[in-house]
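Student: Please take me through this model by question and answer, with the cut-offs stated as we go.

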Amino acid sequence: MKIKTKLTLGVGLLFLLIILLSLVSGGSVLTLKNDTNNILKANYNSLNYSRKMMISLDEEAYDQTAKKRFKANMELQLQNITETGEGEITQRLKDHVKELNATDQNKEPIRQLIRQDILQIMQLNMTAIQRKSKLANDSSDDALFWIVLTGSSCFLIAFILLVQLPRNISKPIKELTESIRQIASRNYKQRVAFESHSEFGDLAKSFNTMAEKLDEYNSTQLAEVLYEKKRIETLINNMNDPVIGLDEHGKIMFVNNEAINILNLSKSDLLGVAAKELALSNDLVRSLIRDMKGIAGKNVPKEDPFMNIFVNGKEHYFEKELVPISIIPTGEREQQLIGNVIILRNITSFKELEFAKTNFMATISHELKTPISSIKMSLQLLETKDVGTINNDQRQLISSIREDNERLLKITGELLNLSQIETGNIKLFMKPSDPYQLIHQSVEATLKEAEYNQIKIVVQTEENLPLISMDMDKTQWVLINLLINAIHYSPKGETITISLKQDSNKFRFEVTDHGGGISEEYVSRIFDRYFQVPGISKPGTGLGLAICKEFIEAQGGIIGVESQLAKGSTFYFLIEQ
Ligand code: ADP
């Protein structure tokens, strides 16, 4: 049954019960009223007339007025005959009254008879009053009975309605609420079963359809997610680079075959195990997770990302990348770290190529150095008059050969230095050295070049500086390189300043020029290998400054540049004692 019908019927029934109760009570009250009225009208009046007749009769004088009053009451009594036998007695009373009025003899015996008649009328009415009162009593008992019966039935029905109706409505609502809660907690198997004819039946049908669809959607989603998971797992497993995934607590969540191979452990030894625990017994794991701390975005001290690992008896080179994985959970604003992924990029083949290149560079530059030096010597011989006179054209040719030879010598020297750096073969010869001598020799070595380019070199040094512990040759190489660059990148006629200052335990060497300067965007890259500022057409390899940096840093120093476009540059290096 529909809830609407149930409510209408329930309230309607209550309404009917109220009407019924009102009718029964009203009817009973009406019956009682009739009964009392009856007594009042029929018997009370007769008693009243009788009493008045008795008073008039017993009056001393019983004169005309008393007679009239008596007669009037008797007439009224004659019209108020209600009981059986009352008519005859009243008629007899009338006869006796006539007789009393007619006689002149002793009236007392007739009066006695009249009194008896009046008393009989009174007696008759009093008996009737008693009987009728009993009847009224019975009617009131009946009324009470019916009122109680109807009242109790109404109460009973109303009570049943009061208990049943709200329960009938609230029970399905409760069930539905619980089912919705279950669905919200992803229990898509939840269904509701209500009586199918009510509105709740329709609601239950819609709810069950929704739950079924959600269940179906969930199953397909789950299948899709599982499929995607499998695909990603296969992808990761087939990667040539080792990959290790950790959760936010540092436990290993996934690890691919390559990673298992380099870690030399079985998959079951790794999955679900805290990386920190493994690190206690495995050096490789320890170095892999060393800088894995903090939340994504926070600064973590960077480790050298390159590592060499022995796998199957062969040395392999890897570049480590630690990727912190963070998400913003639904409904939240803060980023939350949910894990880290360690990727080891296998760079063995690149490294091997690099070694081959460095070896090649070293061999070539080494092999070229001797013939270039002998060309230099031969040129020097040619320039002396001992080998014969040379004309002007020949002198010019010799001069340009000498310049090219110088450049070749510089390049082979730089390549040799670089190959030494790349193979980690920089050998330092640190000893207390005279800084004035260093500056003097460097200026001497570049003087010719400066004269040729019409550049003046100014030396500004503090006095009485102590000996500085350094590798004299390498530092001089750096200083010459900075001076040569300053000469090359200065316009003709300019001045270059070379200075030396002491700042507590640091010695600052500076080479300042007033050339074109370096654009801000290139300053940070100027010390990179093979870097040359684009658009500047000067011959060079882009290796000089990179080698300078390696030489200074190998001695524990710092090298840098301060430059302004169109104003010039100051290259400096600091050596700490
Ligand atoms: P290169 O052999 O090309 O000179 P360097 O490593 O010595 O190589 O210099 C790298 C680049 O830095 C140069 O190509 C040049 O563009 C720039 N550079 C070096 N010194 C100066 C300087 N004093 N003024 C302006 N630019 C310079």
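Student: Which residues of α5 are buried?
Tutor: This is a predicted model, in which local features need pLDDT of at least 70 and side-chain atom pairs count only at pLDDT 80 or more, while totals for chains, interfaces and linings use all residues. Residues are numbered from 1 along each chain as its sequence is written, and side-chain values use heavy atoms, with hydrogens and water left out. With buried taken as under 20% relative accessible area, exposed as over 50% and partly exposed as in between (1.4 Å probe, protein chains only), the buried residues of α5 are Phe200, Gly201, Ala204, Phe207, Asn208, Ala211, Asp215 and Ile236.

Student: What covers the buried residues of α5?
Tutor: Helices (H or I, at least four residues) and strands (E, at least two) are DSSP runs, numbered from the N terminus, and contact means heavy atoms within 4.5 Å. The cover of the buried residues of α5 includes α1 (3–57), α4 (108–184), β1 (243–247) and β2 (252–255).

Student: How many Å does helix α5 reach from its first C-alpha to its last?
Tutor: Helix α5 runs over residues 199–237 and has 39 residues.

Student: Where do the buried residues of α3 fall, seen down its axis?
Tutor: In α3, Glu86, Ile89, Thr90, Leu93, His96, Val97 and Leu100 are buried. Their arc, taken from the directions from the helix axis to the C-beta atoms, is within 120°, so these buried residues line one face of the helix.

Student: Which exposed residues does the face of α3 turned away from its buried side carry?
Tutor: The buried residues of α3 have a cover that includes α1, α2 (64–78) and α4. On the face turned away from that buried side, the exposed residues are Glu88, Lys98 and Ala102.

Student: By class, what does the lining of the largest cavity have?
Tutor: A cavity is a set of points on a 1 Å grid over the protein atoms alone where a 1.4 Å probe fits but cannot get out, with lining residues having an atom within 4 Å of a point. Counting Ala, Val, Leu, Ile, Met, Phe, Trp, Tyr, Cys and Pro as nonpolar, Asp, Glu, Lys and Arg as charged, and the others, Gly among them, as polar, the lining has no polar residues, no charged residues and 11 nonpolar residues.

Student: Which strand gives the most to the lining of the second largest cavity?
Tutor: The second largest cavity has a volume of about 30 Å³ and is lined by Lys506, Gly556, Gly557, Ile558, Leu574, Ile575 and Glu576. By class, that lining has 3 nonpolar, 2 polar and 2 charged residues. The most, with 3 residues, comes from residues 568–576, strand β12.

Student: Which relative accessible area does Asn312 have?
Tutor: Asn312 is found in the loop between β3 (306–311) and β4 (314–327). Its phi is near 50°, a positive value in a residue other than glycine. Asn312 is exposed, and its relative accessible area is 70%.

Note on methods:
The expected span of a helix is 1.5 Å times one less than its number of residues. On a 1 Å grid over the protein atoms alone, a cavity is a set of points where a 1.4 Å probe fits but cannot get out, and a pocket is an open set with protein on both sides within 12 Å along at least five of seven lines; lining residues have an atom within 4 Å of a point. Grid points are joined across faces, edges and corners, and a volume is the space filled by probe spheres set on the points.
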